[in-house]
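Good morning. I will walk through one protein structure, going from a single residue out to the whole chain and back again. Please have the picture open.

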Amino acid sequence: MADNGHVNKRQRVEENGEAGAAGVPCATVAQRSFNPIRALVDEMDKTPNPDKPMIPLSIGDPTVFGNLVVPEQALEAVSASLRSGKANGYAPSTGYESTRQAIADAFAAPGAAYAAKDVIVASGCSGAIDLAITVLANEGQNILIPRPGFSLYKTLALSKGIEVRSYNLLPDQGWAVDLEHLASLADENTAAIVVTNPSNPCGSVLTKENLAGVLKGQRLSQRNERVATRVNSNGVTTQFRGVLSLRWGLIPFRNPQSPKRRG
């Protein structure tokens with residue numbers, strides 16, 4: 001019932017607009033915005049059965065259960081930065097150059113030499129996704145996202161008037177990208193393809209061959225100008241840890257224990 005209520009509310013807003021307390025109508029972007037995860041989680045008010053052990057499925061935040069403890073070195077670095085008084089003002093909108101260069105150095109690989117100018121520091125992953133969609137696609141175009149996948153891509157794209165098409169992942173093949181289905185969805189109006197590796201929510205990792213198939217298909221068809229990737233490799237044993245790029249192809253990450261990354 002709660003879900004239907006949210007759907008009905010969204011339909012009313014889209015059809016009629018919705019005024020706030022001051023009688024100010026909502027903007028089009030606000031009317032288009034709907035986050036199904038927040039609609040469920042933010043209104044969830046359930047008391048666990050005291051006679052049964054709870055199985056916490058979480059909301060994608062491992063820190064709730066004490067995981068992802070901040071390393072002491074990171075705490076010391078942040079503390080030192082705050083106490084120095086040198087980073088209390090407005091930073092460049094793309095992030096400090098020293099920070100961007102450190103990121104570029106960490107992710108550089110043979111055949112793909114990044115520079116600070118290639119990096120933008122965003123306000124969290126959600127902010128980065130918002131930036132990526134905004135710069136890649138215009139209203140009326142479409143983007144391709146994995147199914148199952150993270151719902152925020154759809155939430156942000158639809159709010160900007162961008163069509164979302166979902167390509168299948170194959171459960172019987174380790175949640176590999178269904179390359180045929182992906183190709184059938186792409187057309188001259190496709191602005192970007194989202195590839196999430198490791199998968200959210202499946203946790204699976206795409207093979208190098210499967211990723212190469214995504215890249216090869218887009219190069220052959222030349223129907224898509226960009227491939228946007230979201231890769232989270234920290235602490236994950238992967239079959240292929242790297243980034244897809246139409247400019248450089250498949251770019252592997254260096255070993256996180258490499259001396260080059262510690263310098």
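Let me start with threonine 94, which is partly exposed because its relative accessible area is 28%. The scale is this: buried means under 20% relative accessible area, exposed means over 50%, and partly exposed lies in between, with a 1.4 Å probe and only protein chains counted. Before going on, a word on the source: this is a predicted model, where local features need pLDDT of at least 70, side-chain atom pairs count only at pLDDT 80 or more, and totals for chains, interfaces and linings use all residues. Residues are numbered from 1 along each chain as its sequence is written, and side-chain values use heavy atoms, with hydrogens and water left out.

Threonine 94 sits in the loop between α4 (72–84) and α5. Helices here are DSSP runs of H or I with at least four residues, strands are runs of E with at least two, and both are numbered from the N terminus. Which residues does threonine 94 touch, not counting those up to four places away in sequence? They are Arg100, Val119, Ile120 and Val121; contact means heavy atoms within 4.5 Å. Lysine 117 is 23 residues away from threonine 94 along the chain, and their C-alpha atoms are separated by 9.1 Å.

Together with Ile103 and Phe107, Val121 makes a nonpolar patch of about 200 Å². Patch members have over 30% relative accessible area and no salt bridge; nonpolar side chains (Val, Leu, Ile, Met, Phe, Trp, Tyr) are joined within 5 Å, and like charges within 9 Å. A salt bridge is a side-chain nitrogen of Lys or Arg within 4 Å of a carboxyl oxygen of Asp or Glu. Isoleucine 103 belongs to helix α5 (residues 97–107), and it counts as partly exposed because its relative accessibility is 32%.

Now the whole chain. The protein chain has ten helices and seven strands. Of its 263 residues, 29% count as buried. Its accessible surface comes to about 17100 Å², and 54% of that belongs to carbon and sulfur atoms; the areas come from the Shrake-Rupley method with a 1.4 Å probe, and for residues only the protein chains shown count as cover.

Next, a covered helix. How many of the eight residues of helix α7 (residues 152–159) are buried? Six are, so the helix is described as mostly covered. The buried ones are Leu152, Tyr153, Thr155, Leu156, Ala157 and Ser159. Just after α7, glycine 161 takes a positive phi of about 75°.

Asparagine 142, in strand β1 (residues 142–147), is also buried, because its relative accessible area is 0%. Its side chain makes a polar contact of 2.7 Å with the side chain of threonine 190, and another of 3.2 Å joins it to the side chain of aspartate 187. A polar contact is a pair of N or O atoms within 3.5 Å; within protein, one must be able to donate a hydrogen and the other to accept it, and residues adjacent in sequence count only if both atoms are side-chain atoms.

Last, leucine 211 in helix α9 (residues 208–221). Leucine 211 counts as buried because its relative accessibility is 3%. Valine 177 is 34 residues from leucine 211 in sequence, and 8.1 Å from it in space, C-alpha to C-alpha.

That is where I stop.
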